[in-house]
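Work through the exercises below with the model open. Try each task before reading its solution.

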Amino acid sequence: MEAYTIFKSLCIIIVAAKLFGIVARKIKVPQVVGEIIAGLVIGPSVLGLVDQSDFLSQVAEIGVVLLMFTAGLGTNLHDLMRTGLKAFAIACAGVLVPLVGGTILYMAIYGFSPWGSPDFYRAAFIGVIMTATSVSITVQALKELGKLSTEVGTTILSAAIIDDVLGIIVLTFVIGMAGGEVQPVSVLLKTVLFFVFAFVVGFIIYKVFRWGDKRWPHTRRIPIMGLALCLGMAYVAERYFGIADITGAYVAGIILCSIHDSNYIAEKMDIESYMLFGPVFFASIGLKTTLDTVSGELILFAVGFIIVALVCKIIGCSFMAKLCRFNWGDSLKIGVGMMTRGEVALIVAQKGLSCGIISSAYFTPVILLILISSIVTPIFLKLLFTHGEKQDTPKTAKAQ
């Protein structure tokens, strides 16, 4: 491929991703779904206007690192501490039940495999994809219902944040285990050492950034150094600890999420991601998705994947919420609010593809899961809250 032809590919990707993204937003579907479909349409499966290349893969990798950095910046540590153990317990159940459910689903369809075999790790990775929660759709639905600041709304938001952190840890562990010669104890030790390193070094870096933020508030040098920290942590995580680069980027975001200009850094990162790296990342998923690999077995898997992913989140989070002394109505609302999937699920799937654990064929079930969960979650939440208010009204009237 001639060097200059990459400009044509980037031009087509950006235009197509934005056009399809706008259409998706108009019909109340997440914009990322439109960008993924754009990649599918312009890719080899349909029009063949753009071919996947090493350069596009590298740009997409930068895109996923920036997305995780931005996700870390958006973490609210005060909310995490305010909801405390309840949100943590709900998040743990929201990770564990889908992880087990996804693993069993894969083995039930493709056959049970012994511990340590490549098929076992492939099955476990399907479970890892199911652990991710995207709360953006839920937050918008709760805003429209006026329930975001309630105990249920705050718990969902905090549990989703913790859910992503736990999901990244599980992802790191499974990728390390799937490395072949890597031993479980070694993976666990490296994971623990990385987070100890991140805590110690992160505290020092936080103090430095806080000092710089006071000295040069709202200046470009803060986002620039933030980007450098993101890329540096991504490199250190992968190179020295064998941890996924996206874990390092996410931790970098968490380190800076409490400084005064964290939103300013996020805005600057969003510009880069929105203009180039984000569209290329999501479109590249569509480019890698080949329709000729879709078989009856894969369709069966996709149906099971969607059902298990949605049901396991509801069961795990709802029952744990009930154990945390929420009533059954609020517990079910929390479970439903936690079942949406989005960017993190795609990021996890992309990482599995790059590591050779899963094939590109499995992007189709993931995309369908994001689409369906984004549509049904707001509908179910509205029904649950409306039904709950109807039940409360007669009691209130009778008391008066």
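## Exercise 1: A salt bridge between helices

Asp-163 and Lys-313 form a salt bridge, with their closest N and O atoms 2.6 Å apart. The term requires a side-chain nitrogen of Lys or Arg within 4 Å of a carboxyl oxygen of Asp or Glu. The model is predicted: local features need pLDDT of at least 70, side-chain atom pairs count only at pLDDT 80 or more, and totals for chains, interfaces and linings use all residues. Residues are numbered from 1 along each chain as its sequence is written, and side-chain values use heavy atoms, with hydrogens and water left out.

Task: state which helices hold Asp-163 and Lys-313, and whether each residue is buried or exposed.

Solution. 
- Step 1. Asp-163 sits in helix H7 (residues 151-177) and Lys-313 in helix H12, so the pair ties together parts 150 residues apart in sequence. Helices are DSSP runs (H or I, at least four residues), numbered from the N terminus.
- Step 2. Asp-163 has 1% relative accessibility and counts as buried. Buried means under 20% relative accessible area, exposed over 50%, partly exposed in between (1.4 Å probe, protein chains only).
- Step 3. Lys-313 is buried too, at 0%.

## Exercise 2: Other salt bridges

Task: the structure holds four salt bridges; describe the one of Glu-35 and the one of Asp-119.

Solution. 
- Step 1. Glu-35 pairs with Lys-18, the closest N and O atoms being 3.5 Å apart. Glu-35 belongs to helix H2 (residues 31-42) and Lys-18 to helix H1 (residues 5-26), so parts 17 residues apart in sequence are tied together. Both Glu-35 and Lys-18 are buried.
- Step 2. Asp-119 pairs with Arg-122, the closest N and O atoms being 2.4 Å apart. Asp-119 and Arg-122 lie three residues apart in helix H5 (residues 118-131), about one helical turn. Asp-119 is partly exposed, at 35% relative accessibility.

Note on methods. Helix = DSSP H or I, 4+ residues; strand = E, 2+ residues; numbered from the N terminus.
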